[in-house]
Amino acid sequence: MKRMKALVCCAAAACLAMVPAGCSSQQSYTPPEKSATVSSPAIGKSGTLRVGVNAGSPPLAGSPSSSSKIVGIDVDVAAALADQLGLKLEIVDVGTDPEAALKEGKVDVAMGIGSEIEVSFWRSPAYLPKGVALFSTPANATVPTKASSPKIAAQVSSTSSWQVTNEFGQDALVSENDLKSAFAALADGSAQYVAADAVIGMYAAHSGGYDAQIVALMQQPGGYCVGVLEANTELQAAVKDALAALTDGGIVSVIEKKWLGTDIDASSLPLTTGASSAKTDESKTSGDESDGGENAPAAEGDEEGNVESNAGRNAVQPTA
């Protein structure tokens, strides 16, 4: 099984001491293969972690226009998770019903499970933040209030648009067909803020080349989690430990930077005055945000850190 590759900087002093001439500033390092930490019956296929994703939810999972291969944040985190467990990865598109796929034994784990929804299976600690965020340009870091009469662009019929009207009133909402249009409104000054899910909004801004940042959260932060059957306590413990190692080791941060241009620390973000619980908003809207395109573009690589994540490139993909 191919390992994720890390690009590590070579210290100048070490270069001079060990290789007097021609020392490169970077070298490729491939860690040794790990032994499998879980096996049957904790997983349904020997040596392989079968991971369910929703292939219609970029940037978590989707297919670039040039390929039917599923890529995204969830695929990369799943590949890193399988690698940490010493297993190969098989990606399974479970659509919007991960619960059925888990119960029917089609997958061992499911990615992208919101912490705010009711489920009948175990959820890991969050590996990504989730919640409606307010984005603005770097020149505007002010957290708006209703009294300031802000103009906030949001995708029509989305959780975020409902959140805007609920807290700031109907006059504050600048309704747009998609998030690309919402960020274009921010860029041309017809809106002061954009409201969107923190991860999806950051992806839309980054992929569209818009210079935007999160200035506040309009909800108490939740998260995207990994789901495992309630009875499968062995796999639960293994997933929890592996995710902790990936988070503490900076791998999840690198994957975020690859897709979003930055990692998101929800714990450091202020809340708007009327910030609500995510659970109260689930039935208030008929749609969710999207990036305005049908497919998630494949990332070319990380430009921010020292680790180049190749996770997911060699995953077994769903058959046509």
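**View 1. F135 and its bridge partner in a predicted model.** The bridge partner of F135 in β11 is V194. The two strands involved, β8 (residues 132–136) and β11 (residues 193–197), run antiparallel and are joined by 4 bridges. Strands here are DSSP runs of E with at least two residues, helices are runs of H or I with at least four residues, and both are numbered from the N terminus. Two strands count as paired if DSSP finds at least two bridges between them. The model is predicted, with local features needing pLDDT of at least 70 and side-chain atom pairs counting only at pLDDT 80 or more, while totals for chains, interfaces and linings use all residues. Residues are numbered from 1 along each chain as its sequence is written, and side-chain values use heavy atoms, with hydrogens and water left out.

**View 2. The open sheet.** The sheet has 6 strands in the order β10-β9-β11-β8-β12-β14, with mixed pairing. At its edges are β10 (173–176) and β14 (271–276), each of which pairs on one side only. Direction ignored, neighbouring strands of this sheet are turned by 35 degrees against each other on average. Strands of a sheet pair through backbone hydrogen bonds, either parallel or antiparallel.

**View 3. Helix α6 across the strands.** Helix α6 (residues 198–208) lies across β8, β11 and β12 (213–219). Its angle to β11 is about 125 degrees. Axes are lines fitted to C-alpha atoms, for helices over the stretch in contact (heavy atoms within 4.5 Å); angles run from 0 to 180 degrees between N-to-C directions.

**View 4. Backbone exceptions in loops.** Most residues other than glycine have a negative phi, and most peptide bonds are trans. The peptide bond from S40 to P41 is cis, with omega near 10 degrees, and P41 lies in the loop between β2 (26–29) and β3 (48–53). Another cis bond, from P58 to P59, also has omega near 10 degrees; P59 is in the loop between β3 and α2 (73–84). S149, which is not a glycine, has a positive phi of about 50 degrees and is in the loop between β8 and β9 (152–155).

**View 5. Confidence along the chain.** The protein chain averages a pLDDT (the predictor's confidence in each residue, from 0 to 100) of 83, and 77% of the residues score at least 70. Over residues 280–287 pLDDT stays under 50, and the model has 15 contacts beyond four places in sequence for them. Residues 291–311 also stay under 50, with 51 such contacts. Where pLDDT is low, the predicted coordinates should not be read in detail.
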